[in-house]
Amino acid sequence: ILLCGGIPLLWNLSGQVSGRAGFGPEYEIVQSLIFLLLATLFSAVTGLPWSLYNTFVIEEKHGFNQQTLGFFFKDALKKFVVTQCILLPVTALLLYIIKIGGDYFFIYAWLFTLVVSLVLVTIYADYIAPLFDKFIPLPEGELKQQIETMAKGIDFPLTKVYVVEGSKRSSHSNAYFYGFFKNKRIVLFDTLLEDYSALNKEPAEGEDGANEDTKSKTKNKKQGCKNEEVLAVLGHELGHWKLGHTVKNIIISQMNSFLCFFLFAVLIGRKELFAAFGFYDTQPTLIGLMIIFQFIFSPYNELLSFCLTVLSRRFEFQADAFAKELGKAQDLYSALIKLNKDNLGFPVSDWIFSMWHYSHPPLLERLQALKGAKQE
């Protein structure tokens, strides 16, 4: 794309499309949105074979894929449409702010992206995620009572607990919490819960003719965690909240965002940057954002990514220690082993590779840290 001038080619094509629609070169924002739409469409189409291979070859081979081909394409189309509905208006407003912001546009642009990110975090689980997966309230029972008791014990302002039908997409497990201030919700994947996992359900009557390999796989694979282990996993997740990890990550992210916009303001006037990417006569703002944020900042982003990985691993150990203080060490120990087994994680990691790439510490390191409280 870089060597063959793909970016200026696509920009010129978007100019032709906008021109035919009656928008001249002075309508840079319109041309930018067409460019963005065509670029994301190109990315989606060229990425499709790799996504298909990952889902229906690799994930299928190891028993994780639960999707049909029809579900996959419907899901991909829905993701593309939802992404465009968010991306295009936000980009248009950002470009407009940069255009009219004057010398201090980078401050207004940063504040705008801050507001957008907070709004998206707020509405994602309630309005966007349900477009793709079904969320149901966790039924009344022992597990829900235990979760509410644990949350109350550490002053976590829990309002709702949901179970998401992740098993329709994949058999990977997860759990998370979301929400601001006094409105926190917990989401559990059905694949995390032993009582909800589709893989643990008995085959329906009349399925005696199923092939032996499938029968054996279903029989031998007991997926998910017991209630005590689910509570231990949640104890770890709530530890992130109690120790302020979420807030710290937001602060770091916004400090980095402000720095990037400031450096963008310094570099955007350098015509040689645009010329290096094939833009000799024009300096479109969107192209400047792409060149500076994606290419010029690339070495810095790699270094930042490594630092955040190191910090993330530290946070994970701290969250494990918090669960340990809650008396959940033994259950978390067994839950980590089960989750690693369910997700076919390899327990041994090269220390250099894991140090650079793993946002979570390797399993054996986490177990070693919990070992003091493990009763054998």
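## Basis of the model

The model is predicted, so local features need pLDDT of at least 70 and side-chain atom pairs count only at pLDDT 80 or more, while totals for chains, interfaces and linings use all residues. Residues are numbered from 1 along each chain as its sequence is written, and side-chain values use heavy atoms, with hydrogens and water left out.

## The chain as a whole

The chain's secondary structure comes to 14 helices and four strands, where helices (H or I, at least four residues) and strands (E, at least two) are DSSP runs numbered from the N terminus. Along the principal axes, the C-alpha atoms fill a box of roughly 70 × 50 × 40 Å. Of the 376 residues in the chain, 37% are buried, a term for under 20% relative accessible area, with exposed meaning over 50% and partly exposed in between (1.4 Å probe, protein chains only). Among contacts (heavy atoms within 4.5 Å) between residues at least 6 apart in sequence, 74% join residues at least 24 apart.

An unreviewed UniProt entry carries the annotation "domain: CAAX prenyl protease 1 N-terminal" for residues 1-134; such annotations may be inferred rather than shown by experiment. That span is 78% helix and 0% strand, and its end C-alpha atoms lie 39 Å apart.

## Helix α3 and its cover

With 32 residues, α3 reaches 46 Å from its first C-alpha to its last, close to the 46 Å expected at 1.5 Å a residue, the expected span being 1.5 Å times one less than the number of residues. G102, which follows α3, has a positive phi near 70°.

The buried residues of α3 include F72, D75, V82, Q84 and L88, as well as I97 and I98. Their cover includes α2 (28-61), α4 (105-128), α8 (245-267) and α10.

## The crossing with α10

The axes of α3 (residues 69-100) and α10 (residues 285-296) come within 10 Å and cross at roughly 100°; the two helices are therefore roughly perpendicular to each other, a class that spans 65 to 115 degrees, against under 35 for roughly parallel, over 145 for roughly antiparallel and oblique for the rest. On the α3 side the contact is made by T91, L94, L95, I98 and K99, and on the α10 side by T285, L286 and L289.

Leaving aside neighbours within four places in sequence, T91 is in contact with L33, L36 and L286.

Note on methods. Axes are lines fitted to C-alpha atoms, for helices over the stretch in contact, and angles run from 0 to 180 degrees between N-to-C directions.
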